[in-house]
Amino acid sequence: MGLSTFIGGVHPYEGKELSSDKPIQVIQPKGELVFPFSQHIGAPAKPLVAKGDTVLAGQKIAEAGGFISANVICSVSGTVKGIEPRLMANGSMVQSIIVENDGEYRTVEGFGQKRDYTALSKQEIRDIVKEAGIVGLGGAGFPTNVKLAPKNEEEIDYVIVNGAECEPYLTSDYRVMLEQPEKVVGGLKVILQLFDKAKGVIGIEENKPEAIRILSELVKDEPRIEVCTLKTKYPQGGERFLIYAVTGGREINSTMLPADAGCIVDNIDTVVSIYNAVCETTPLIRRIITVTGDAIREPRNFEVRLGTNYQELIEAAGGFKEEPEKVLSGGPMMGQALFSYDIPVMKTSSALTCLTKDQVAANAETACIRCGRCVDVCPGRVVPQMLMTAAEHHDLAAFEKLNGMECCECGSCTFICPAHRPLTQAFKEMRKAVMAERKKKA
């Protein structure tokens, strides 16, 4: 029987050997920290502090601004310098709380206390997750407490932990699976406490045999938990494709949630953050970040406090051994190119990838030769060549009719295109335009 996988996908250079054997190193921030109100899908958080206020690590400094929103928790102790717009990785200016770190890391009362999750009610667990400000740490940033409260919890029969980490170069989740496997399993047990009929499945790509071995050994006597070995293929870690692979064929589209297919899906570090919040009274104040690429002197995996400046991560990794042509927040397939390092680590930050060559800029775009390769690799089962024609004419109606909203923006079509056409970038802009048009009509 073959390994669990999905239809389509590509096999880019992995680049994981640069940092996969580097244990997670804790680094502390040096200067001021920046806490944006928007580090998640949904409404921005609302500030609870003002300039001049003294704050503690673990303190809620901004509260959820709506049902789909998330609290912001301070990661250090210090003084609020102000509330002002600051630059984010996507190029936008976002209103943010600026905290001057006093270097003492004093915490709120009760921070770090052990807690027995089995003595808690389902609602208490969900409330703890909400208060801790936890969102999906795989990149989407959907508030986790909302995800853990589907309309019909009795219909959830799979809780899937996404350990695929298919994005090239990234190894932070891999290191967490090696170094904190008990927390991965512990966090999954907390989630299973919410869904009486569900089975827990940890999906890991076959290129991580040590993680598979460690976690399989850890859950061998757990009747409700198993490890599923996945084929190494990008974008295996995409939510839709992971569900398809793990469940043996269940499918969702852009109008559905995983819960509609009886599934809850959470990233490895999200599950660990749930464990930290529920079992160790520690809200989301840190991220595991991979700093890597052939331009970095010493590629590393770091545990860093939220709000830390990217420039400090580069320095902690030894700086550049060669000036990079391209620096990405994230990996090369779905990451965002940066034009400044003066950007804070947020909940959705995953990596800093620094490359000596900008391969995209080096390859000039040419005319489509209708080879069909983009169709073969598209995991969303759309026809990128036809979608590009609609995008070039900014024909929103045609784009929707061709199922353009089913594009997951994974970049597989752009990666495989021999004409080097910016397919994914065009689809991303079209999807934004369609969503804006729908809002206007609503």
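This is a predicted model: local features need pLDDT of at least 70, side-chain atom pairs count only at pLDDT 80 or more; totals for chains, interfaces and linings use all residues.
Contact here means heavy atoms within 4.5 Å.

Helix H11 spans residues 384-392, and its buried residues are Pro384, Gln385, Leu387, Met388, Ala390 and Ala391. These buried residues pack against four helices: H10 (373-377), H12, H13 (412-416) and H14. Beyond the helix comes His394, which follows H11 and has a positive phi, near 50°.

The whole structure holds 4 aromatic pairs. One of them is formed by Phe399 and Phe427, with 6.3 Å from centre to centre and 45° between the planes, a tilted arrangement. Because Phe399 belongs to helix H12 (residues 396-401) and Phe427 to helix H14 (residues 423-441), the pair ties together parts that are 28 residues apart in sequence. Both Phe399 and Phe427 are buried.

Helix H14 also contains Thr424. The relative accessibility of Thr424 is 9%, and the residue therefore counts as buried. What does Thr424 touch, leaving aside its neighbours within four places in sequence? The residues in contact with Thr424 are Glu409, Gly411, Cys413 and Thr414.

Charged side chains supply a further set of links. Side chains of opposite charge can pair when their charged atoms come close. In this model the count comes to 33 salt bridges. One of them joins Arg381 to Glu251, whose closest N and O atoms are 3.2 Å apart.

The side chains of Glu239 and Lys147 meet in a salt bridge at 3.9 Å, N to O. Glu239 is in helix H6 (residues 239-247) and Lys147 in helix H2 (residues 144-147), so that distant parts of the chain, 92 residues apart, are linked by the pair. Glu239 is partly exposed, with a relative accessible area of 31%.

A local case is provided by Arg213 and Glu210, whose side chains form a salt bridge at 2.6 Å, N to O. Both residues lie in helix H5 (residues 209-218), and they are 3 residues apart, about one turn of the helix. Arg213 counts as partly exposed at 49% relative accessibility, and Glu210 is likewise partly exposed at 32%.

Salt bridges also occur in a network, which links Glu32, Lys81, Glu84, Arg86 and Glu100. A charged group may also be found over an aromatic ring in this model: the charged end of Lys233 sits over the ring of Phe6, 4.5 Å from the ring centre.

Note on methods
Residues are numbered from 1 along each chain as its sequence is written. Side-chain values use heavy atoms; hydrogens and water are left out. Rings of Phe, Tyr and Trp (its six-membered ring) pair if their centres lie within 6.5 Å; planes under 30 degrees apart count as stacked, over 60 as edge-to-face and the rest as tilted. Helices (H or I, at least four residues) and strands (E, at least two) are DSSP runs, numbered from the N terminus. Buried means under 20% relative accessible area, exposed over 50%, partly exposed in between (1.4 Å probe, protein chains only). A charge sits over a ring if NZ of Lys or CZ of Arg is within 6 Å of the ring centre and within 35 degrees of the ring normal. A salt bridge is a side-chain nitrogen of Lys or Arg within 4 Å of a carboxyl oxygen of Asp or Glu.
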